[in-house]
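Please read each against the model.

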Amino acid sequence: MKYYFYLLSLILISNFSFTQKSDTVYISPKNIKVENLKEGKSVYLVYYREHREATRTMTQFWTREVKVKTENGKKIIEVYQSWEDKDSIIHTAKSLCDAQTFKPLFHESWWNVRGKTSTSVYNYETKQVTIDGNDAVNDTSVKGKQLIAGFLKVADMYHLNWHLDLEAFSTLPLSLHKTYGIPFYETGYKEPENNFYTVSGEDQLKGYDNQPIACWVLTHKKPGNKEKFWISKKTKDVLKLEQEVNGKMYRYKIKLGFSD
């Protein structure tokens, strides 16, 4: 009889542990922690490697600045991004979000791809999209119709701007072995996606003067894509990303300690 109860207790403990590890938290206005997001400027060094020991290539610097503002009597969060390669700015983005829920309100994106520039503006409050100054509703191409349909689909839904993933990760109620279903939407895509990220472990990074920085390790996997983020337990900032693409290429993002 004692042996039976011993086995039963092991099963219960095992089931409890499994339940704990497989818990999924779906991010919503009720559990997002926007207060974790701090104002200020951050600069990330971004680069690629063909393998982990290879020479760095395609080096970029991503500047991201977070501000809390009031517009038309409403408190909002503004995130401005500027991406630089070796000799020019290749991308800028201005994103406005609700200060309580981080839900997108506005997103303006500019790209410079090999000398060809393009600007797109998404206004979630007026449900308008313009591409290079033209109303996207008039784009009758298959891609244009998908873009508008996806945008209108999410305009009234709760979701987060995938272009602000580094900021969004700071707002998660992180806990070991928890999985987070994040309703990400990248402006211009045809539909939103619920993406799952798991706190798979804990780690320490070495900061200046070799001081240890306790981090959560947040992982995300899809066919051809594996991502591993180190997020400071203290500041909630993403400090490092290591991304494996199709097993052939690695991309890194490293937050710099100082910015000008």
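**Notes on strands, cysteines and a lysine**

1. Asp209 takes a positive phi near 60° in the hairpin of E12 and E13, which has five residues between the strands. Strands here are DSSP runs of E, at least two residues long, numbered from the N terminus, and two strands pair if DSSP finds at least two bridges between them.

2. The model is predicted: local features need pLDDT of at least 70, side-chain atom pairs count only at pLDDT 80 or more, and totals for chains, interfaces and linings use all residues. Residues are numbered from 1 along each chain as its sequence is written, and side-chain values use heavy atoms, with hydrogens and water left out.

3. E12 (residues 193–206) runs antiparallel to E13 (residues 212–222), joined by eight bridges, and Lys206 has Pro212 as its bridge partner in E13. E12 also pairs with E11 (residues 179–185) in the antiparallel sense, over six bridges; there Pro183 is partnered by Asn194.

4. Lys103 lies in the loop between strand E5 (89–98) and strand E6 (104–113). The Lys103 side chain does reach the backbone oxygen of Ala155, at 2.9 Å.

5. Cys97 is buried at 1% relative accessibility, and Cys215 is buried at 0%. The structure holds zero disulfides (cysteine sulfur atoms within 2.5 Å).

Methods:
Helices (H or I, at least four residues) and strands (E, at least two) are DSSP runs, numbered from the N terminus. Buried means under 20% relative accessible area, exposed over 50%, partly exposed in between (1.4 Å probe, protein chains only). A polar contact is a pair of N or O atoms within 3.5 Å; within protein, one must be able to donate a hydrogen and the other to accept it, and residues adjacent in sequence count only if both atoms are side-chain atoms.
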